[in-house]
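This briefing sets out selected features of one structure for computational work.

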Amino acid sequence: MSFRKKSVPVVVANSTTARVSLNDRTSRELASKGSAIKTTKSSTIFPSYTVHSTGTTSLDKLILLHGGQPIGTSLAIIEDGVTDFSGVVSRCYIGQGVLNGDKVIVVTSGNRLEIPGKVKLDRSCEVAETQSRASYSGSTRSTETDLKIAWRYGYSSERIPSGRSLHSETIESADDIYCSTFDITTQMISSSISESPVIIDPSVNELESIIVSLRRIMGATDKRQIVRVVLPGFLIPMSYNITRVFNSNNLLRFLSQLRALLKNNRSRMSVLLTLPSTLFDENNSIMFELMQRYFDSLIRILPIAISNGESRYQGFIDVEKLPIMSDRGAMMTRKREFAFKIGKSGMIIEPWSIPVIVEEESKQEHNKESLEF
């Protein structure tokens, strides 16, 4: 093992070649690290679990609490009434999987999916703020810093657009790639889809055939690729054969086989299922108990009737079960603590509580009494 004195300079035969190789090695390291953390990350509660986004930011943070859906778990959404708010969540779920390059399998009738388009966020405000900070701190210092960063990561003045900063470009893609912002009024163009979703038609296939198709696709998929299985509108008569599906034995066998398939591929598979509650009587049916038993997380959408725009929300979301935590004995049931509204970007969930009303007259009388001597 040889050592070199600090006073002896390191002589490089070709500095240009060495710099290019250094930049190539750095870019490969960043690419290898970025590919592992862009579309997935560690759970905020249990870092040993890997999570990916559902395509709805508020659902990842407020409801699931892990910062996303843990891979290897299943999510069931039961919706009351005849609305289809859960369909917005499933569309964003599919869109996020397509953008991530995941293998998306959708069990639905028809050959066409309505995948929402991704919103291109405008970062002009961030650029203006960056420029104002640079002018305040001194243009010379900012230029030197940018040149150092540009040399470090292999950028040149031709590759950096005028009016933009390296800092703003780095900040721009952090959360936007993990959880994209969609526009549900538009559809994703085919050129941005790297791999089209696989559609399994339940009107043609029985429940047993759906499981066989899922096993075949999982066996043919790369072990390193994440697979998203989506069952929107489960058991609706327009897509499923009523005479064969509405059998307790067939339904129980299907759910148990789906859960077994998920647990056998827990490192690369996740499931989302939406179910309208109008298909069964909650008091006399075992459907709700089956959802709690065979799914890792369960939430419920409760729409409310809005008249004359009195409410800013369109309904409530109840949490019945959460992934991992509920299995470990934590009581995670939460009723009427969250409300939601549907916007152009999809479902927005916010904490909700009953507002406290304070009467103005009682406050004025109290102030008068306190001033009397």
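Of the 16 residues of helix α3, 14 are buried, so the helix is largely enclosed by the rest of the structure. The model is predicted, and the values below are computed from it.

**Helix α3**
- Helix α3 covers residues 85–100; at 1.5 Å a residue it should span 22 Å, and its end C-alpha atoms are 23 Å apart, which agrees.
- G101 follows α3 and has a positive phi, near 80°.

**Helix α10**
- An α-helix has 3.6 residues a turn, so residues three or four places apart point the same way.

**Nonpolar cores**
- The largest nonpolar core contains 36 residues, and L214, L231, F234, F254, L275 and M291 have the most contacts inside it.
- At least two residues of this core come from each of β4, β5 (103–107), α8, β9, α10, β10 and α11.
- Apart from this core lies another, of 33 residues, among them F85, I184, L272 and I299.
- Beyond its neighbours up to four places away in sequence, M291 touches A76, I78, L255, L273, L275 and L298.

**Aromatic pairs**
- There are 5 aromatic pairs in the structure.
- The ring centres of F234 and F254 are 5.7 Å apart and the planes lie at 15°, so this pair is stacked.
- F234 belongs to the loop between β9 and α9 and F254 to helix α10, so the pair ties together parts that are 20 residues apart in sequence.
- Both partners are buried: F234 has a relative accessible area of 0%, and F254 has 2%.
- In F316 and W352 the ring centres are 4.8 Å apart with the planes at 70°, so this pair is edge-to-face.
- F316 is in strand β12 (residues 315–321) and W352 in the loop between β14 and α12 (360–371), so parts 36 residues apart in sequence are tied together by the pair.
- F316 is buried at 14% relative accessible area, whereas W352, at 28%, counts as partly exposed.
- F234, Y240 and F254 make up one aromatic cluster.

- S297 lies in strand β11 (residues 297–303) and counts as buried, at 2% relative accessibility.
- A polar atom of the S297 side chain lies 2.9 Å from the backbone oxygen of S74.
- Not counting residues up to four places away in sequence, S297 touches L64, S74, L75, A76, K321, L322 and P323.
- G346 is part of strand β14 (residues 346–351) and is buried, with 0% relative accessibility.
- With residues up to four places away in sequence left out, G346 touches V88, I184 and K341.
- G346 and T185 are 161 residues apart in sequence, while their C-alpha atoms are 9.3 Å apart in space.

Terms used
Residues are numbered from 1 along each chain as its sequence is written. Side-chain values use heavy atoms; hydrogens and water are left out. Helices (H or I, at least four residues) and strands (E, at least two) are DSSP runs, numbered from the N terminus. Buried means under 20% relative accessible area, exposed over 50%, partly exposed in between (1.4 Å probe, protein chains only). Contact means heavy atoms within 4.5 Å. A polar contact is a pair of N or O atoms within 3.5 Å; within protein, one must be able to donate a hydrogen and the other to accept it, and residues adjacent in sequence count only if both atoms are side-chain atoms. A nonpolar core is a set of buried Ala, Val, Leu, Ile, Met, Phe, Trp, Tyr and Cys residues joined through side-chain atoms within 4.5 Å. The expected span of a helix is 1.5 Å times one less than its number of residues. Rings of Phe, Tyr and Trp (its six-membered ring) pair if their centres lie within 6.5 Å; planes under 30 degrees apart count as stacked, over 60 as edge-to-face and the rest as tilted.
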